[in-house]
Amino acid sequence: MMNYRREIDGLRALAVIPVILFHAGFGLFAGGYVGVDVFFVISGYLITGIVMADVDRGTFSLSDFYERRIRRILPALFLVVAVCTPLAYLFLLPSEMKEFSQSLIAVATFSSNVLFWSQSGYFEGAAELKPLLHTWSLSVEEQFYLFFPLILVATRTWGKRWVVTLVATAGLASLVLAEWGALNKPIAAFFLLPTRAWELLLGALVALCLGRATHRQVPLGWSNLAAMIGLLAVAYAIYSFDAQTTFPGFHALVPTLGAALMIMGARPETLVGRLLGHPAMVSIGLISYSTYLWHQPIFAFARHLGLEQADALPLIALAILSVVLGYLSWRYVETPIRHNRTLSRKFIFLAAGVGSLLMLLSGVSGHVMNGFVDRLKPEDRYLASISPGVQGEYVRKRFDALHHTSFSDQDPRLKVLVIGDSFAKDLVNAIHEGPLAERIQVSTHQISVGCGNLYLSRSIESEVTNPQPVLCRQDDWYNSPRVKELIRQSDRVWIASAWQTWDAALLPESLGNLRRDFGDKFLVFGTKNFGSISIKKLINISPQRRVETENKVSEVSLGINRQIAEKVDSGRFVDLSALMCGDSGYCRIFGVDGRLLSYDGGHLTVEGARQLAVRLSNVTAIVGGMHN
């Protein structure tokens, strides 16, 4: 076994505290998510050191290794899941319960990272409502440890230099892939093992290179300097990074190298070593795993119950509650099972299998039974079954399938290119769901929200408000030859976005450039808004009153449409908010059939798309274009 180092537990505290405060939503800790990266380095360092020590003694066995992993990981995890499952049943809507059930399946099979990659990004608003979102990092670790010990054992006769070379080469390849992924596939890069393995391998390299003799041979001054640089690097990442930082590519080197430097340099006699070895830091570090497990469900359920992001004091109280529950779990569950040798290996594996199977069966049941929707009154089941994930897929699917599709000259229908974000996708669905489908052939080009649906001669990257600017560069605005070719081929170009004040102000200039280069074929669609929609609140209203519900339309949305209308010729502008809601400033959110028109206050359901389809077919600016 490796010698115990108090500083490592202190480093765990330095990792878990920012993660908790990040998920609490405190802006000062916008980069607190890098605590997970610090955890990865620590894990790679510790596990590699333990495995190599056993290999060198000739005592390593896979069954012993995985028994230790089970004792370390599963008892507290099972406890948290066991508490979360009935709470999910009580407080989540069936659509949310179905997603929670899917996460149970993923946790039981250590594939949470794959599930959450497929569902959404880590920084999206919906992510903070997922009680088990944080288990993605456990999945990355366990996937890594399925094969890494085998590699260490298989290469034990190579000599240390060759093993280090292998690990370094694999780590470098993973880092390069992570940088490419952060720029091109940011969600996949964030969640998946191939782009995260290098962080664990960095910790492994530290373990391989930092033998006890090497550690003592480093002069105290150099150790002090390395540890201090490491601490400053991690602190810089915590306070300077945010959701817009491309991650986990080269930017992730800042906190991970910082962690590595602290592991190498923070000896007990160094300044950072004394800080990390302080009893308070060590105490938090000891309970960091259990605390990490508790914090996300606590925040997620609190938000489901109506906690507002601006409520600082309750958020602080919930963060403290995470620590308290973390201590109780560590004291009465994690530690006793981890160190109780009267529990045989056979019992440990059997208990792990039974617990995982129960979790798996619970998840499958919730998924198959649609989040146990039958527990609700029949009249409430439609509303409660509305899933943002499913609805979002409806919004995206048709538009994405038509991305850069070629127009057919043999097709007599009008050639329309639709350019924009998810609000443009609503337009494509409206075309498909109504009479315009017989009169229009569609191709699409995406410019993501906040990127600026603009055709300008200068760069606007500094003004982009999308939290992942890499998406804007991928969309490439109007710059690609293919987009310009489709504009030339089209009879009409529909431009639609969830406009913001900044890009709406630049729209007249953009339209002037477009007309100059491609002719007068552009039709601008304003933004739309149905007010705040809460399924949990609506479900408490009788079905009769629901149909009559009117929401106040966002003043910001109305103001932006007025701003556009003042600058764009009326024959070239369609005010979607007025079209769907009228001019009263209020909007009905249910159709005459009692079905929601929008599931989130902005995007359309099937029923909403059908209503918009009928109204678009009566707009002169659209219908008149059919005869040109």
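1. Contact here means heavy atoms within 4.5 Å. Helices (H or I, at least four residues) and strands (E, at least two) are DSSP runs, numbered from the N terminus. Ala, Val, Leu, Ile, Met, Phe, Trp, Tyr, Cys and Pro count as nonpolar, Asp, Glu, Lys and Arg as charged, and the others, Gly among them, as polar.

2. A word on the source. This is a predicted model, in which local features need pLDDT of at least 70 and side-chain atom pairs count only at pLDDT 80 or more, while totals for chains, interfaces and linings use all residues. Residues are numbered from 1 along each chain as its sequence is written, and side-chain values use heavy atoms, with hydrogens and water left out.

3. Back to α1 and α15. They pack at an angle of about 5 degrees, and their axes are 10 Å apart. Axes are lines fitted to C-alpha atoms, for helices over the stretch in contact, and angles run from 0 to 180 degrees between N-to-C directions. Angles under 35 degrees count as roughly parallel, over 145 as roughly antiparallel, 65 to 115 as roughly perpendicular and the rest as oblique. Therefore α1 and α15 are roughly parallel to each other.

4. Next, α3 and α4. The axes of α3 and helix α4 (residues 94–108) come within 10 Å and cross at roughly 165 degrees. The two helices are therefore roughly antiparallel to each other. α3 passes α4 in a left-handed crossing; left-handed means that the near helix is turned anticlockwise from the far one by less than a right angle, and right-handed that it is turned clockwise. On the α3 side, the contact is made by L77, V81, C84, T85, A88 and Y89. On the α4 side, M97, F100, L104 and V107 make it. The classes are 9 nonpolar, 1 polar and no charged.

5. α4 also packs against α17. The axes of α4 and helix α17 (residues 345–368) come within 7 Å, crossing at roughly 150 degrees. So α4 and α17 are roughly antiparallel to each other. Their crossing is left-handed. K98, S101, Q102, L104, I105, V107 and A108 in α4 meet S356, M359, L360, S362, G363, V364, G366 and H367 in α17. This contact has 7 nonpolar, 7 polar and 1 charged residues.

6. Now the second largest pocket. Its volume is about 1,100 Å³. Of its 36 lining residues, R12, L46, I50, R72 and R338 are the closest to the centre. Elements giving two or more residues to the lining include α1 (6–24), α2 (35–57), α3 (62–91) and α16 (312–339). α2 gives the most, with 9 residues. The lining divides into 19 nonpolar, 7 polar and 10 charged. On a 1 Å grid over the protein atoms alone, a pocket is an open set of points with protein on both sides within 12 Å along at least five of seven lines, a cavity is a set where a 1.4 Å probe fits but cannot get out, and lining residues have an atom within 4 Å of a point. Grid points are joined across faces, edges and corners, and a volume is the space filled by probe spheres set on the points.

7. The whole structure holds 2 cavities of 30 Å³ or more. The second largest cavity has a volume of about 30 Å³. Its lining includes D421, C451, N453 and D503. By class, that lining has 4 nonpolar, 5 polar and 2 charged residues.

8. Two backbone points to check. Most residues other than glycine have a negative phi, and most peptide bonds are trans. F247 and P248 are joined by a cis peptide bond, with omega about 10 degrees. P248 lies in the loop between α11 (220–240) and α12 (253–265). N370 is not a glycine, yet has a positive phi of about 50 degrees. N370 sits in the loop between α17 and α18 (378–384).
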